[in-house]
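Try each one yourself before you read the solution.

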Amino acid sequence: SGKGDDEAMSLTLIGVWGCIALLILLALSMPVGFALALVGCFGYAMAIGDLSGAGHLLVSSCYETFSKYDLSVIPLFIFMGQILFHAGISRRLYDMAYHWLSWLPGGLAMATVGACAAFGAICGSGPATAATMASVALPEMRRRNYDMELATGTIAAGGSLGMLIPPSVVFIVYGIMAKVSPAKLFMAGVVPGLLQTLIFCVYIGIVCYRRPELGPPGDPTTWKAKFRSLLGVIETIVLFGVVMGGMFLGWFTPTEAAAIGAGAGLLVALGRGALTMDILRKSVLETLRTSCMVLIIIAGATMFGRFLGVTNLPSALAGALVASNLPELVTLAIIMVGFILAGCVIDALALVMLTIPILLPVVEKFTLIGGREPTLIWFGVLVVLITQIGVITPPVGVNVYVVGGIARDIPLQKIFRGAFPFFWLIVLASILLVLFPQLALWLPGKM
């Protein structure tokens with residue numbers, strides 16, 4: 001028995017050193033997928049003492065990832081977003097939000113948040129949403145004499161909404177790893193995403209009401225102009241309703257919904273006269289580039305997860321937390337603080353890939369919600385919500401760097417300062433989700 005305990009301890013130690021090695025490789029800027037695969041492969045070989053077995057793991061993990069039918073949903077949704085982006089939908093979404101909200105204090109910033117939420121629902125990429133809205137909204141806010149700290153911070157934070165509002169690549173990957181329906185995760189993200197959008201807008205309204213010079217209200221527009229602006233996005237609203245409504249009603253699976261969305265996106269672009277060969281080529285190339293990146297990360301994470309499974313590190317961690325007899329809310333708070341800190345240095349998708357295999361045995365023992373599937377759905381939404389913080393905080397802060405790359409005359413520290421209040425707003429939304437789990441579970445429960 002003592003010998004068995006020693007072997008288990010040595011395997012767990014190998015798992016710990018593997019995690020440390022992974023963090024070092026990520027700090028050295030090695031691509032995430034390759035870092036996961038490298039540590040997973042060599043760590044597995046050390047754990048089982050067989051290099052040929054590790055080679056077999058490498059081959060089987062890649063084949064399993066690239067041949068999995070469920071993962072075809074990723075390139076299809078990405079292609080839908082690319083086609084609609086190149087068809088100019090972002091400008092029309094912003095114009096619609098501008099006509100309805102610009103008369104309020106901070107109305108242009110609110111319109112930017114609303115447009116970010118709507119475009120994020122189509123695009124699903126935080127940096128792409130931030131880059132698009134920086135190009136579209138920033139010149140208008142400059143013209144209206146908006147404070148650039150508020151303007152750029154709003155765009156950087158608003159870009160993060162695409163991670164939470166479905167369809168989201170992070171939800172798809174989490175669902176596959178946790179063996180939870182991606183369709184239910186999509187539905188679970190709708191209400192928290194809308195709630196977070198509302199919290200952002202209320203904050204902007206309060207700040208600009210108290211200090212009008214930060215975001216002066218614009219000229220009111222006529223009702224005719226307001227309703228005319230809706231016509232510019234009617235196809236997008238219908239498309240989103242069909243894709244999400246079809247999954248909600250059980251008419252089709254997420255993969256079928258993605259295929260319908262991609263085909264309908266092509267028809268929308270064609271109907272708008274925006275489907276040229278150049279746009280089609282750009283959309284296909286960007287879809288291939290992004291999809292390959294995501295799939296390589298998934299393959300690497302699969303290998304790393306197998307390595308952790310052999311070392312029993314997740315089970316040991318779960319056992320340690322259970323033995324500590326900490327209240328579940330305290331355990332959850334520790335996990336969330338860890339996500340906030342790790343999200344400052346690791347990409348959101350990579351962070352989910354790295355942590356979910358370790359945390360899954362812990363979260364499955366939670367009794368806060370009741371039932372494995374509701375617990376994992378709620379936790380998945382909470383994870384995606386809290387990892388949004390990483391895209392607006394240094395040193396990673398990818399959305400801030402994207403906005404800074406477009407607004408080159410504005411110092412990065414000023415953009416970070418503008419985005420910092422949204423850090424606390426995301427924390428507030430996370431606390432509300434912990435206190436009221438039905439915010440995430442109500443819609444999936446109606447499916």
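**Exercise 1: Fold and overall shape**

Work out the secondary structure, then check the chain against the globule rule.

Step 1. The protein chain has 21 helices and 0 strands, going by DSSP runs (H or I of at least four residues for helices, E of at least two for strands), numbered from the N terminus. This is a predicted model, where local features need pLDDT of at least 70, side-chain atom pairs count only at pLDDT 80 or more, and totals for chains, interfaces and linings use all residues. Residues are numbered from 1 along each chain as its sequence is written, and side-chain values use heavy atoms, with hydrogens and water left out.

Step 2. The rule (2.2 Å times the number of residues to the power 0.38, with the radius of gyration over C-alpha atoms) puts a compact globule of 447 residues near 22 Å, and the chain agrees at 22 Å.

Step 3. Along the principal axes, the C-alpha atoms fill a box of roughly 80 × 50 × 45 Å.

**Exercise 2: The inside**

Step 1. Buried residues (under 20% relative accessible area, 1.4 Å probe, protein chains only) make up 52% of the 447.

Step 2. A nonpolar core joins buried Ala, Val, Leu, Ile, Met, Phe, Trp, Tyr and Cys through side-chain atoms within 4.5 Å. The largest has 144 residues, and Ile74, Met247, Phe304, Phe339 and Phe379 touch the most other members. Helix α17 (residues 348-363) gives the largest share, 12 residues.

Step 3. Beyond neighbours within four places in sequence, Phe304 has contacts including Gly18, Leu36 and Leu354, with contact meaning heavy atoms within 4.5 Å.

Key
Buried means under 20% relative accessible area, exposed over 50%, partly exposed in between (1.4 Å probe, protein chains only).
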